[in-house]
Amino acid sequence: MISDPEMPNKAREGRFDDIRACIACNQACIGHFHAGYGISCIQNPLTGREAKLPPPARGPSRTILVAGGGPAGMKAAVTAAGRGHRVILCEAGPRLGGQALLAQLLPERAEFGGLITNLEREIAQAGVQVRLNTRVDRALVEALAPDAVIVATGATPYEPPVEGREDGHVTGAWAVLQGSANTGARVLVADWRADWVGMGVAEKLVLDGHSVTLAVDAPHAGFNLQMYLRSHWIARLHRLGVEIVPDARLYGVDGTTAYLMHNVSGEAMPREGVDTVVLATGHASETGLEQALAGIGVPVLLAGDCLSPRSAEEAVHEGFLAGRQV
Ligand SMILES: Cc1cc2nc3c(=O)[nH]c(=O)nc-3n(C[C@H](O)[C@H](O)[C@H](O)COP(=O)(O)OP(=O)(O)OC[C@H]3O[C@@H](n4cnc5c(N)ncnc54)[C@H](O)[C@@H]3O)c2cc1C
Ligand code: SF4
């Protein structure tokens, strides 16, 4: 009901596939509650904001180009098309979903992929024209001549400078999930975000047979996650034998040594016997298209991680707002 208030009506009409199924993330419903905010839903930002949102823009049907088929772009496209606009959604990659395609690969997180499935169905029903393997650049915008562009180009991994990186084996969380990392037997995951990525990659690696240390730049692993998921995940990592080092920030590597700094005392905490360091050090906004469209003379709206890397919750919310504004 929080995710799809029309659920009972759709069920009564036998339209079970049309129900926007809850993906059991606990983020914006009970997660908000425990954080002291009104409840909402990461898939349905209207929930909890029904009385607060400004009405959608009024005007004739127009052509809207959405660049980026992650959660922000998908939600923007559905919302704009639902208001009668002709919407073209271009995704540079071969599939819609953006980072949610990676999120669903973490252990026990397959259900998160329902975010993509639900939006894909809504996109098809709303009549959005989807163009995969199509990277939007200034020339394409000029050729399509839309009335507005929604930029939802997301983010890519942020890789901090790591002293001595060339002397050790350093890879990234995305590479581990994409199966291109060639990870050694003893792995240290450098987690600077204390969210899903570090814990999830640590769990995946230990399940794949690696010995894993999770070095978290926060008082504990999952510090930025809501409490149910955090506790459940810490328990799983404990049972699986993942060593968790709190308050630890990676700053260098040298052969099989990873250099950590205690993030409060500033003292060095070198860790011997590390074959591979996996960076889970956050994301950096993809701003190239926004810059390329400067001065193009068409309204350009931004949504999601391209504004600032955060979560699917903000991405969907901002996509929804952009789709209402155009
Ligand atoms: C492993 C992992 C787990 C995560 N788990 C969670 C979680 O449990 N809960 C949560 O809320 N968040 C989670 N996140 C974060 C969440 O997935 C992102 O915040 C969210 O996907 C951002 O959505 P977005 O649409 O703004 O950008 P993205 O998801 O990055 O999508 C951007 C899309 O734009 C495309 N693109 C880029 N440039 C162009 C261009 N010029 N033209 C056309 N297309 C372009 C890209 O190919 C990409 O598909 C996770 C992230 C990762 C990596
Ligand atoms: S925020 Fe997640 S768990 Fe809560 S209702 Fe929405 S989809 Fe379900």
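Author: The questions below concern a predicted model, and they turn to its ligand shells, its strands and its backbone angles.

Reader: How many nonpolar residues are in the shell around ligand 2?

Author: Ligand 2 is surrounded by 13 residues, and the closest are Ile-2, Cys-22, Cys-25, Cys-29 and Cys-41. When this shell is divided by class, no residue is charged and four are polar, while the number of nonpolar residues is nine.

Reader: Which domains each supply at least three residues to the shell around ligand 1?

Author: The shell around ligand 1 holds 39 residues, with Gly-68, Gly-70, Gly-98, Gly-154 and Gly-304 as the closest, and by class it has 21 nonpolar, twelve polar and six charged residues. Among the elements that each supply at least two residues of this shell are helix H3 (71-82) and helix H11 (312-325). The domains that each give at least three residues are domain 1 (1-53) and domain 2 (56-156 + 285-325).

Reader: Which strands lie at the edges of the five-stranded open sheet?

Author: The order of the open sheet is E3-E2-E1-E4-E14, with parallel pairing, and its neighbouring strands are turned by 20 degrees against each other on average, direction ignored. Within this sheet, strand E1 (residues 63-67) is joined to strand E2 (residues 86-90) by five bridges, and Val-66 has Leu-89 in E2 as its bridge partner. The strands that pair on one side only, and are therefore the edge strands, are E3 (129-131) and E14 (300-302).

Reader: Which residue in the hairpin of E10 and E11 takes a positive phi near 60 degrees?

Author: Strand E10 (residues 248-254) runs antiparallel to strand E11 (residues 257-262), and six bridges join them. Asp-254 has Thr-257 as its bridge partner in E11. The hairpin has two residues between the strands, and the one with a positive phi near 60 degrees is Gly-255.

Reader: Is Ala-24, with its positive phi, buried or exposed?

Author: Most residues other than glycine have a negative phi. Because Ala-24 has 12 C-beta neighbours inside 10 Å, and 12 or fewer is the cut-off, it counts as exposed.

Notes: Residues are numbered from 1 along each chain as its sequence is written. Chains are lettered from A and ligands numbered from 1 in the order in which they are written. This is a predicted model: local features need pLDDT of at least 70, side-chain atom pairs count only at pLDDT 80 or more; totals for chains, interfaces and linings use all residues. A residue is near a molecule or strand if its C-beta atom, placed from the backbone, lies within 6 Å of it. Ala, Val, Leu, Ile, Met, Phe, Trp, Tyr, Cys and Pro count as nonpolar, Asp, Glu, Lys and Arg as charged, and the others, Gly among them, as polar. Helices (H or I, at least four residues) and strands (E, at least two) are DSSP runs, numbered from the N terminus. Axes are lines fitted to C-alpha atoms, for helices over the stretch in contact, and angles run from 0 to 180 degrees between N-to-C directions. Domain bounds come from an automatic or database domain assignment. A residue is buried if 20 or more other C-beta atoms lie within 10 Å of its own, exposed if 12 or fewer, and partly exposed in between; C-beta atoms are placed from the backbone.
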